[in-house]
Amino acid sequence: MGQRLAFRRRLSYNTRSNRRRVVKTPGGKLSLQYLKKPGSLPKCGDCGVCCMGGIKAFRSKKLANISKPQKSVSRAYGGSRCHQCTRARIVRAFLIEEQKIVKRVIKARSNKK
């Protein structure tokens with residue numbers, strides 16, 4: 001039969017923040033190691049559904065300490081918006097500009113007559 005293990009912290013309930021792993025020490029005894037909660041992947045600010053590629057999942061405190069290149073990707077809206085929303089924004093801006101040009105051309109033609 002296996003060796004009994006005592007909790008190393010006061011919390012004795014099997015909660016998400018009290019996850020642990022049994023490890024064998026070099027002396028041959030079994031011991032508990034407490035595990036940290038996994039971080040969640042950053043989501044897109046527009047759609048809120050897409051998990052953004054190229055960015056690792058970190059917990060909040062760790063995210064504050066890592067460097068900027070690890071928190072973003074090198075494109076417009078990198079690290080803030082997913083690739084689909086970025087594309088939609090760029091296309092929308094382009095079409096709005098095109099529409100403005102068309103309006104100007106129509107107005108110039110009507111003034112010419």
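In which strand does valine 22 lie? In this predicted model, valine 22 belongs to strand E1. The residue is partly exposed, its relative accessible area being 48%. Valine 22 and leucine 32 stand 10 residues apart along the chain, and their C-alpha atoms are separated by 4.8 Å. Once neighbours within four places in sequence are set aside, the contacts of valine 22 are with Leu5, Leu30, Ser31 and Leu32.

The overall architecture comprises three helices and two strands, arranged along the sequence in the pattern β-β-α-α-α. The radius of gyration of the protein is 27 Å, whereas the globule rule gives 13 Å for 113 residues; the protein is therefore more spread out than a compact globule. Taken along the principal axes, the box filled by the C-alpha atoms is roughly 100 × 25 × 20 Å. Of the 113 residues, 12% count as buried. The accessible surface amounts to about 9,900 Å², and carbon and sulfur atoms account for 54% of that surface. Among contacts between residues at least 6 apart in sequence, 28% link residues that are at least 24 apart.

Asparagine 18 is located in the segment that precedes strand E1 (20-24). With a relative accessible area of 1%, asparagine 18 is buried, because the limit for that class is under 20%. A polar atom of the asparagine 18 side chain lies 3.0 Å from the backbone oxygen of leucine 11.

Nonpolar side chains in soluble globular proteins tend to be buried together. In the present model, the largest nonpolar core consists of five residues, namely Cys44, Met52, Ile55, Cys82 and Cys85. Isoleucine 55, one of the members of this core, additionally touches Leu41, Pro42, Gln70, Lys71, Ser72, Val73 and Gly79, residues up to four places away in sequence not being counted. Cysteine 44, also a core member, is buried at 4% relative accessibility.

A disulfide is a covalent bond between the sulfur atoms of two cysteines. The structure holds zero disulfides. For cysteine 44, the closest cysteine sulfur is that of cysteine 85, at 3.6 Å, which is too far for a bond, since a disulfide requires the two sulfur atoms to be within 2.5 Å. Cysteine 51 is likewise in no disulfide, the nearest cysteine sulfur, in cysteine 50, being 8.0 Å away. Whereas cysteine 44 is buried, cysteine 51 is partly exposed, with a relative accessible area of 42%.

A further feature concerns the backbone at tyrosine 77. Most residues other than glycine have a negative phi. Tyrosine 77, although not a glycine, has a positive phi of about 60°. The residue is placed in the loop between helix H2 (68-71) and helix H3 (83-112). Tyrosine 77 counts as partly exposed, at 39% relative accessibility.

Terms used
Residues numbered from 1 in each chain as written. Predicted model: local features only at pLDDT ≥ 70, side-chain atom pairs only at ≥ 80, totals over all residues. Heavy atoms only, no water. Buried < 20%, exposed > 50% of the residue type's maximum accessible area, 1.4 Å probe, protein only. Core = buried A, V, L, I, M, F, W, Y, C linked by side-chain atoms within 4.5 Å. Contact = heavy atoms within 4.5 Å. Helix = DSSP H or I, 4+ residues; strand = E, 2+ residues; numbered from the N terminus. Polar contact = N/O pair within 3.5 Å; in protein donor to acceptor, adjacent residues only side chain to side chain. Rg over C-alpha atoms; globule rule 2.2 N^0.38 Å. Areas by Shrake-Rupley, 256 points an atom, 1.4 Å probe, with all protein chains shown as cover.
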